[in-house]
Amino acid sequence: MKKIVLTGGGTAGHVTPNIALIPELRKHGYDISYIGSYDGMERKLIEDYDIPYYGIATGKFRRYFDLKNFTDPFRVIKGIHEAGKHLKKLNPDIIFSKGGFVAVPVIRAAKKLNIPVITHESDMTPGLANRLCLPMATAVCCTFPETMKSLPEEKAVLTGTPIREELKSGTREKGLAFTGFTGKKPVIMVTGGSLGAVAVNTAVRNALPELLKRYDIVHLCGRGKLDESLIGTPGYIQYEYIKEELPDLFALADLIISRAGANAICEFATLNKPNLLIPLSAKASRGDQILNARSFENQGFSMVIEEEKLTTITLLEGIEKLYADRQKYIDAMAASEQSDAIGTIIGLIEKYNPHA
């Protein structure tokens with residue numbers, strides 16, 4: 001049996017594309033293992049798919065002062081040693097990495113063991129962890145055409161982002177049953193990513209008195225970010241996190257309000273869901289979400305409000321305009337040629353697997 005190790009973690013965006021590959025990898029006869037951090041969210045997500053999971057120590061590479069900057073390098077060194085032990089035991093033919101700092105020790109260990117590595121960059125510009133791994137990668141997949149110029153020409157492959165097939169299987173009827181909505185109003189789904197987004201949550205909740213006059217709202221607010229004072233509000237339902245019912249919520253949603261993580265917005269485009277993006281501010285990030293959002297805006301897939309311009313008024317105006325023009329966005333997404341990301345990546349895995 002062919003063997004592959006998947007790695008990546010820190011946020012759901014570094015895990016869900018790996019999950020999207022699992023059914024097709026199994027069809028191609030791969031024995032799959034996963035290496036992630038000891039206690040990251042990737043552990044729970046992957047174990048639900050009955051895949052052996054191996055934890056390692058991880059450290060973050062920060063570009064700002066933090067006391068952990070003095071201890072994390074030792075955690076990375078420990079992680080490389082642990083990853084090497086796991087890889088020697090598992091003896092995989094190839095590794096596929098979705099990025100995040102947990103992937104750095106795995107890829108460094110793989111390089112020492114001469115195991116081919118394919119990495120994937122979802123954002124417009126490679127993150128620090130992926131940049132550290134570029135010299136050791138056999139091939140580098142990316143989502144946006146604009147990213148190709150930031151990658152080594154001989155390694156770069158435009159693949160798109162793998163999207164889980166089950167996201168397409170939801171029904172509006174099941175979504176209504178799950179939320180308890182009547183179906184008489186359009187439905188807005190709000191999501192800030194797996195960790196939630198305080199700015200998005202606050203803006204939406206401040207606008208609720210006006211929004212609920214016309215819309216029902218399902219709010220995926222992130223762990224620990226429920227507003228107990230709003231529990232029981234007619235037309236508004238909030239969840240910390242949703243897994244099994246997510247396809248039905250997508251089917252139910254007429255509009256989506258979201259951050260602009262690459263994996264999430266690719267899901268919206270694949271599902272033809274009109275979306276209002278509020279990218280993470282450049283003050284709080286390296287600006288990748290802003291670039292992602294602008295690319296989708298230029299392609300006619302998304303409306304964008306920068307976080308610095310986000311107010312109750314701009315949010316309400318944006319939602320009204322998006323809803324009025326929703327068919328234009330649906331048509332643009334439906335007309336786009338979505339690449340076969342899963343098929344292309346599986347092809348690369350087969351190409352670089354020395355035993356395929």
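**The sheet and its surroundings**

Tutor: In this predicted model, strand β2 (residues 30-37) pairs with β3 in the parallel sense, over four bridges. Within that pairing, Y34 has Y53 in β3 as its bridge partner. Strand β3 covers residues 53-56, and both of its faces are covered: Y53 and G55 are buried on one side, Y54 and I56 on the other.

The pair belongs to an open sheet of seven strands with parallel pairing, in the order β3-β2-β1-β4-β5-β6-β7. The edges are held by β3 and β7 (156-158); each has a single partner strand, so one side of each lacks a neighbour in the sheet. From one strand to the next, the twist averages 25°.

Elsewhere in the order, strand β5 (residues 117-121) and strand β6 (residues 139-142) also pair in the parallel sense over four bridges. There E121 stands opposite C142 in β6. Helix α4 (residues 103-112) packs on the sheet and touches β1 (2-7), β2, β3, β4 (94-97) and β5. The direction of α4 makes about 155° with that of β4.

Helix α1 (residues 16-27) packs with helix α13 (residues 341-352) at an angle of about 60°, their axes 10 Å apart. That angle makes α1 oblique to α13, and their crossing is right-handed. In the contact, A20, L21, E24 and L25 of α1 meet I342, I345, I346 and I349 of α13. By class, this contact has seven nonpolar residues, no polar ones and one charged residue.

Methods: Residues are numbered from 1 along each chain as its sequence is written. This is a predicted model: local features need pLDDT of at least 70, side-chain atom pairs count only at pLDDT 80 or more; totals for chains, interfaces and linings use all residues. Side-chain values use heavy atoms; hydrogens and water are left out. Axes are lines fitted to C-alpha atoms, for helices over the stretch in contact, and angles run from 0 to 180 degrees between N-to-C directions. Helices (H or I, at least four residues) and strands (E, at least two) are DSSP runs, numbered from the N terminus. Angles under 35 degrees count as roughly parallel, over 145 as roughly antiparallel, 65 to 115 as roughly perpendicular and the rest as oblique. A crossing is left-handed if the near helix is turned anticlockwise from the far one by less than a right angle, and right-handed if clockwise. Contact means heavy atoms within 4.5 Å. Ala, Val, Leu, Ile, Met, Phe, Trp, Tyr, Cys and Pro count as nonpolar, Asp, Glu, Lys and Arg as charged, and the others, Gly among them, as polar. Buried means under 20% relative accessible area, exposed over 50%, partly exposed in between (1.4 Å probe, protein chains only). Two strands pair if DSSP finds at least two bridges between them.
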